[in-house]
Amino acid sequence: MNRYGWLTLLLVLVPLTYPHAQPSTSQSQAPMIDPALFKGMKYRLVGPSRGGRVTTVTGVPSQPRTFYMGVASGGLFRTTDAGTTWTPLSDGKIPLGSMGSIAVADSDPNIIYVGTGSDGVRSNVSTGRGVYRTNDGGATWQFVGLYDAGQIGAVRIHPTNPNIAWVAAYGDAFKRNTERGVFKTDDSGKTWRKVLYINDGVGAMDLELQPGNPNVVYAWMSRLERKPWTIISGSRDGGFFKSTDGGNTFTHIATGLPSDLIGKANLAVTSAKPDRIYALVEALPGGGLYRSDDAGQTWTLTNSQGALIQRPFYYTTLGADPTNPDVVYAGAESFFKSTDGGKTFTLMRTPHGDNHDIWINPNDGNVMIQSNDGGANVSFDGGRTW
């Protein structure tokens, strides 16, 4: 046996011991520490400063430093100092974190509606559970219905009567159900009427009111469903719908729009030219940015750039400047701005990629909040800096 074999045998037969291997009685007991020593210690953020996926944002026209953001899985937050600090408004009050749409009443900023269920439908999306309303700026919340409406693509409030509101409901993202389409309430959410419905597989992706005339309501309908192995986005049902009686009845309009496989779309309107509508449309064939200058009666494809409709089931981000009708913003993995009515777009820098929403102050086109997978960011110079 060589010397290494004898050494191995010796280690097996005679285990090594050390004087300090066994702790003494005093060492086995944790020392007592006075809790008063920790009273002056506070946690602080040391980075990175990043908020995660924010799917919906809005602001208050009369309060240019106040904004709201709804997080894909973290609830609702508000800032009153242009994004320097954020306060959670839904923790312990709304029993889920997936936010789809936020609307603040123009006539009373203390009245806020929240549609739950993130509208960025990907494999790890959380199901929404209806609509909530507050009358006191988020101090308290009331559940106001549509529990099975799934993901909420949009909530819109009547500009002068906050008891009237409309909801665009995708429906259950994982199966067919009938609680989908466009819903309207005239009594603050006590009751809802289903005012636009196609079938149990087609829901409402977005909804807008014509600026200055809430009797004109626009909606986009499509099928969007998740499976464990795939996503279904689009069908031969759906498309653009218009109402001229306050959303009580709708007419399907397709002149100039895609008419084969129709998927998700986002609509944008502008107070600077109330008859103009932009629509960022997922379609095969014919996807791209469309524009109407006659309140949706006819449409023209203005831009088919592929980057605008990248992963449309997850993005289709669109916003129109309310002070300049030719300025429109679009987003997917990147973020873009057009100053010629959507004919051409230039790339804009945002603090993070994967862009989901934008809100622009109706009184000042330079004041805006934009959201992405890194949180929400505020600009006071038209998006040049955030």
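Two strands count as paired if DSSP finds at least two bridges between them. Strands themselves are DSSP runs of E, at least two residues long, and helices are runs of H or I of at least four, each numbered from the N terminus.

Now the ground rules. This is a predicted model, with local features needing pLDDT of at least 70, side-chain atom pairs counting only at pLDDT 80 or more, and totals for chains, interfaces and linings using all residues. Residues are numbered from 1 along each chain as its sequence is written, and side-chain values use heavy atoms, with hydrogens and water left out.

Start with S2, residues 63-71. Which residue of S3 is the bridge partner of phenylalanine 67? Threonine 79. S3 covers residues 75-79, and five bridges tie S2 to S3, antiparallel. Three residues sit between these two strands, and together they form a hairpin.

S2 also pairs with S1, residues 54-60. That pairing is antiparallel too, with six bridges. Opposite valine 54 you find valine 71 of S2. S1 and S2 make a hairpin as well, with two residues between them.

Next, the open sheet. Four strands, antiparallel pairing, order S9-S10-S11-S12. Which strands are at the edges? S9, 151-157, and S12, 193-196, each pairing on one side only. Neighbouring strands here are turned by 30 degrees against each other on average, direction ignored. For that angle, axes are lines fitted to C-alpha atoms, for helices over the stretch in contact, and angles run from 0 to 180 degrees between N-to-C directions.

Last stop, S11, residues 181-185. Three bridges link S11 to S12, antiparallel. Valine 182 faces leucine 196 of S12 across that pairing.
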